[in-house]
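This report describes one protein chain, element by element. The sequence and the model come before the details.

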Amino acid sequence: MATWNRSSRRPPQVAEPAMEGEPHLPMGRELSEANRFAYAALCGISLSQLFPEPEHSPFCTEFMTGLVKWLELSEAVLPTMTAFASGLGGEGADVFVQILSKDPILKDNPLVITQDLMTFSLKDGRYDARARVLICHMTSLFRVPLAELDLLEETFLESLKETKEEESEKAEASRKKKENRRKWKRYLLIGLATVGGGTVIGVTGGLAAPLVAAGAATIIGSAGAAALGSVAGIAVMTSLFGAAGAGLTGYKMKKRVGAIEEFTFLPLTEGRQLHITIAITGWLASGKYRTFSAPWAALARSREQYCLAWEAKYLMELGNALETILSGLANMVAQEALKYTVLSGIIAALTWPASLLSVANVIDNPWGVCLHRSAEVGKHLAHILLSRQQGRRPVTLIGFSLGARVIYFCLQEMAQEKDCQGIIEDVVLLGAPVEGEAKHWEPFRKVVSGRIVNGYCRSWAISLERGRRKKRRKEKRGKECKRPKQSL
């Protein structure tokens with residue numbers, strides 16, 4: 001996987017900042033009325049295609065209602081837009097794309113739609129995962145590389161950061177005088193880990209927002225920047241990044257929960273982003289992969305990435321057991337199928353020498369323990385995400401082996417809650433030891449806004465099934481041999 005290379009990107013074309021005293025409307029409103037109608041209609045059709053499930057219907061309706069108002073369209077078009085969002089008129093998407101592509105503004109800079117949709121989606125202090133999936137979809141429709149969206153999000157945050165560094169000592173003293181003691185107490189309780197991990201906005205609890213927002217004018221226009229600089233803007237920024245901006249880095253200060261002995265988020269990157277990635281390791285081993293972060297050295301899904309450190313003691317025991325067995329397999333795979341252990345459902349296709357059968361028992365206990373613990377960790381992760389510890393930003397989950405199992409049970413737990421939509425953007429599972437039947441995966445559709453990628457080895461799965469069939473035939477023959485003969 002390619003490493004993150006920010007220097008190879010060109011900065012996006014963004015709205016020009018307005019002159020002082022001259023209000024600048026968001027770019028979407030600068031389109032003609034007919035093209036604003038086409039813009040909103042295309043969003044409605046896209047929503048119906050991306051989120052056809054009934055659980056997402058309230059979001060689609062609310063989104064379109066807000067967008068019609070945002071674009072200053074007549075309320076008379078709202079029933080039409082709602083109809084588009086409910087699935088009617090889907091065949092007209094290409095027509096609307098062609099109409100918009102001919103607009104003089106979009107012809108010069110097709111990123112305008114992406115920029116306007118991002119501004120609209122962030123205005124209330126939350127970045128719903130479904131909104132980001134829609135933005136990615138719309139960006140692709142206009143043949144703009146998705147890297148431009150990532151850079152647009154980065155530039156937005158960097159603009160805020162740079163302005164924060166230029167603020168005066170007088171303004172800083174004035175803000176400190178107005179700070180509430182209760183907020184200071186909350187910050188101190190979170191601890192030094194939070195201060196080290198919080199964002200520039202978050203460390204000050206968003207109190208710097210009036211000054212910082214000035215830099216946002218180059219990204220979202222002065223009207224959007226004015227909103228960020230208001231009292232509502234303070235709530236917007238703190239909502240995006242979680243309490244005091246600490247997000248997941250502050251969660252490791254929490255107490256032990258239930259039977260789980262270890263549950264900590266470790267940062268993989270130093271940056272901040274409007275969407276985050278959480279990677280979950282499936283086992284630990286001596287040598288190169290003895291740490292949770294080692295398998296994710298080349299991961300470049302987001303500028304803000306974490307790995308989950310969980311139950312290291314048991315994962316290391318499992319890894320050591322696997323190494324012991326696999327080192328023996330390197331020289332001897334020949335004689336007898338592995339039977340009557342937890343591994344029989346995993347490596348049933350391999351044949352093992354009798355001398356290794358006793359060694360195989362070593363893995364039974366750590367594997368069984370890790371299976372149970374991964375389910376508990378997944379459920380706990382679900383409640384962390386549901387409580388918006390990460391802020392109101394889209395989350396992508398990636399895991400392999402038992403780490404993928406953690407994600408599976410996380411999604412399963414979230415699917416049982418009412419407010420589970422709009423949190424998870426994409427999910428990638430690699431070699432997950434979980435149920436494969438469709439009925440177990442169906443509920444995840446309302447939880448995951450984007451894609452669910454389930455990676456597995458088809459030939460390995462076929463071999464496993466053959467091993468199971470062979471075992472059943474053997475057991476059946478054994479029962480027939482034990483059946484008493486009838487006397488004549």
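## Arg143 and helix 7

In the loop between which two helices does Arg143 lie? Arg143 is found between helix 7 (129-141) and helix 8 (146-165). Helices (H or I, at least four residues) and strands (E, at least two) are DSSP runs, numbered from the N terminus. The model is predicted: local features need pLDDT of at least 70, side-chain atom pairs count only at pLDDT 80 or more, and totals for chains, interfaces and linings use all residues. Residues are numbered from 1 along each chain as its sequence is written, and side-chain values use heavy atoms, with hydrogens and water left out.

Helix 7 itself has 13 residues and spans 19 Å from its first C-alpha to its last, close to the 18 Å expected at 1.5 Å a residue; the expected span is 1.5 Å times one less than the number of residues. Of its 13 residues, 10 are buried, so helix 7 is largely enclosed by the rest of the structure. Among the buried ones are Arg130, Arg132, Ile135 and Met138. At the start of the helix, a side-chain oxygen of Asp128 comes to within 2.8 Å of the backbone nitrogen of Arg130.

Six strands form an open sheet in the order 1-3-2-6-7-8, with mixed pairing; two strands pair if DSSP finds at least two bridges between them. Strand 1 and strand 8 (452-455) are at the edges with a single partner strand each, so one side of each has no neighbour in the sheet. From one strand to the next, the twist averages 20°. Such angles run from 0 to 180 degrees between N-to-C directions, with axes as lines fitted to C-alpha atoms, for helices over the stretch in contact.

Strand 1 and strand 3 run antiparallel and are joined by five bridges.

## Ser401 and helix 18

Ser401 lies in the loop between strand 6 (395-400) and helix 18 (402-414). Its phi is near 50°, a positive value in a residue other than glycine. At 11% relative accessibility, Ser401 counts as buried.

Helix 18 lies across strand 2, strand 3, strand 6 and strand 7, and runs at about 140° to strand 6.

## Nonpolar cores

The largest nonpolar core has 54 residues, and Phe265, Trp310, Leu385, Leu397, Met414 and Ile424 have the most contacts inside it. Such a core is a set of buried Ala, Val, Leu, Ile, Met, Phe, Trp, Tyr and Cys residues joined through side-chain atoms within 4.5 Å. Elements that each supply at least two residues of this core include strand 1 (263-267), helix 17 (354-386), helix 18 and strand 7 (424-430). Leaving aside residues up to four places away in sequence, Met414 touches Ala382, Leu385, Leu386, Cys420, Ile423, Ile424 and Val447; contact means heavy atoms within 4.5 Å.

A second, separate core of 52 residues includes Ala40, Trp70, Ile135 and Leu149.

## The chain overall

The chain has 20 helices and eight strands. Of its 488 residues, 48% are buried. Among contacts between residues at least 6 apart in sequence, 79% join residues at least 24 apart.

Methods. Buried < 20%, exposed > 50% of the residue type's maximum accessible area, 1.4 Å probe, protein only. Polar contact = N/O pair within 3.5 Å; in protein donor to acceptor, adjacent residues only side chain to side chain.
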